[in-house]
Amino acid sequence: AHVLSFSREWATYGINIMPLTGSSIGVIKALKKMNEDYDKYDGIILNWDGLKTNGFLEYYLNHSHEYDFGVFDETSKLLNSKSMLYKVTNAIINEYDSGLKHAIFLNGSSFEKSIYDFFYQFNILKPKLIPSKAFLDARYVVKEGKEMYLKDFTNDKVVKRNFGKIVDYKNQAELKERLRYYYIARSKADYSSDLPEHSYILHTVELTDPQRKLLDKTNNMYAINSPRTSNPKATFTRKNSPKLDALLSFVDKVDADRPMIYVYNKESQNTIKAELEKMGYR
């Protein structure tokens with residue numbers, strides 16, 4: 001769903017991207033269609049699992065020279081350097097046909113479960129920015145286990161190592177300073193002046209006299225919002241429900257936006273669906 005949604009959104013800007021969804025066979029069929037109408041498409045879009053399919057990899061190995069730009073969303077997926085997803089992503093960005101000229105990583109937070117999530121992402125995007133996991137451990141991590149001195153056979157030196165779960169972090173100001181050219185964020189204060197007081201418009205409607213009396217008697221808003229839920233003989237029509245009438249009168253103003261109508265009760269959903277179908281909506 002996200003792949004198709006992104007594809008449609010980019011199309012609104014005049015950028016036609018072929019969405020690759022489904023199995024490896026589905027990917028192969030879509031790529032064959034794209035090759036048959038090559039000039040129509042500016043690129044491809046697929047989900048993370050799609051990177052590992054044989055259909056995509058076989059295509060990319062033969063066409064990597066055509067791609068210079070990659071956007072990778074939700075890069076917190078890159079959690080394990082031994083995983084196939086990590087290896088394929090690293091190969092696309094850094095190895096296949098000398099890698100991509102431009103790569104953008106998008107992620108809502110610098111690291112989520114542990115600082116190593118952060119390390120794995122930068123290990124692909126900018127490998128030399130953070131020297132090693134051992135450096136992170138020593139400089140920025142506090143673990144619950146004891147310190148131990150071990151011999152590092154790579155440089156024949158004795159080094160100090162911590163073991164156990166991460167319980168805290170240290171030197172965070174320094175870490176942020178080291179990453180300042182690569183970490184972009186906005187605080188609420190930066191953009192709050194640009195926003196209206198509310199991000200919605202409230203449309204109010206008056207209750208009818210029968211509704212008001214019913215609400216006073218039952219003290220139950222469901223009796224107003226979905227009459228048949230509590231009373232099978234009750235009716236829910238434009239005439240006796242001002243809220244329904246307001247909704248159906250307003251919907252034409254927003255039909256181009258493909259509005260989403262939130263309705264809690266199933267009986268009300270069925271009624272509103274039927275009324276909208278009378279007006280020609282699907």
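The legends below describe close-up views of a predicted model.

**Figure 1. Overview of the predicted chain.** The chain contains 13 helices and 8 strands. Of its 282 residues, 30% are buried. The accessible surface of the chain amounts to about 20400 Å², and carbon and sulfur atoms contribute 53% of this area. Among contacts in the chain with a separation of 6 or more, 59% are between residues 24 or more positions apart.

**Figure 2. A nonpolar patch on the surface.** Eight side chains are shown in this view: Phe6, Trp10, Tyr13, Ile15, Phe69, Val71, Ile104 and Leu106 form the patch. Together these residues have about 750 Å² of accessible area. Helix H1 (2–11), strand S3 (69–73) and strand S4 (102–106) are the elements that give two or more residues to the nonpolar patch. Isoleucine 15, one of the patch residues, is placed in the loop between H1 and strand S1 (17–20). Isoleucine 15 counts as partly exposed because its relative accessibility is 31%, which lies between the limits of 20% for buried and 50% for exposed.

**Figure 3. The buried residues of helix H3.** Helix H3 spans residues 54–63, and its buried residues are Gly55, Phe56, Leu57, Tyr59, Tyr60 and His63. An α-helix has 3.6 residues a turn, so residues three or four places apart point the same way. The cover over the buried residues of H3 includes S1, helix H2 (24–36), strand S2 (43–46) and helix H4 (84–95).

**Figure 4. Packing of helices H5 and H6.** A pair of packed helices is described by the angle between the two axes and the distance between them. Helix H5 (residues 115–125) packs with helix H6 (residues 133–140) at an angle of about 145°, and their axes are 11 Å apart. The crossing of these two helices, H5 and H6, is right-handed. From H5, the residues Ile115, Tyr116, Phe119 and Tyr120 meet Lys133, Leu136, Asp137 and Tyr140 of H6.

Figure 5. Tyrosine 120 belongs to helix H5. With a relative accessible area of 10%, tyrosine 120 is buried, because the term applies under 20%. Apart from neighbours within four places in sequence, the contacts of tyrosine 120 are Leu78, Leu79, Asn80, Ser81, Tyr86 and Lys133. Among them, leucine 79 is 41 residues from tyrosine 120 along the chain, yet the C-alpha atoms of the two residues are separated by 6.2 Å.

Figure 6. Side chains of opposite charge can pair when their charged atoms come close.

- *Aspartate 137 and lysine 143.* The side chains of lysine 143 and aspartate 137 meet in a salt bridge with an N to O distance of 3.4 Å. Lysine 143 is buried, at a relative accessible area of 18%. Aspartate 137 is also buried, at 15%, and is among the H6 residues that meet H5.
- *Aspartate 49 and lysine 52.* A salt bridge joins the side chains of aspartate 49 and lysine 52, with 3.8 Å from N to O. Aspartate 49 counts as exposed, at 52% relative accessibility, whereas lysine 52 counts as partly exposed, at 35%.
- *Glutamate 206 and arginine 212.* The side chains of arginine 212 and glutamate 206 form a salt bridge of 3.9 Å, N to O. Glutamate 206 is exposed, with a relative accessible area of 63%, and arginine 212 counts as partly exposed at 37% relative accessibility.

**Figure 7. Two loop residues with positive phi.** Most residues other than glycine have a negative phi. Glutamate 74 has a positive phi near 55°. Glutamate 74 is located in the loop between S3 and H4 and is partly exposed, with a relative accessible area of 42%. Asparagine 171, which is not a glycine either, has a positive phi of about 55°. The loop between strand S8 (166–169) and helix H7 (172–178) contains asparagine 171. Asparagine 171 is partly exposed, with a relative accessible area of 32%.

Technical notes. Residues numbered from 1 in each chain as written. Predicted model: local features only at pLDDT ≥ 70, side-chain atom pairs only at ≥ 80, totals over all residues. Heavy atoms only, no water. Patch = residues over 30% accessible without salt bridge, like charges linked within 9 Å, V, L, I, M, F, W, Y side chains within 5 Å. Areas by Shrake-Rupley, 256 points an atom, 1.4 Å probe, with all protein chains shown as cover. Salt bridge = Lys/Arg side-chain N within 4 Å of Asp/Glu carboxyl O. Helix = DSSP H or I, 4+ residues; strand = E, 2+ residues; numbered from the N terminus. Buried < 20%, exposed > 50% of the residue type's maximum accessible area, 1.4 Å probe, protein only. Axes fitted to C-alpha atoms, helices over the stretch in contact; angles between N-to-C directions. Left-handed = near helix turned anticlockwise from the far one by under 90°. Contact = heavy atoms within 4.5 Å.
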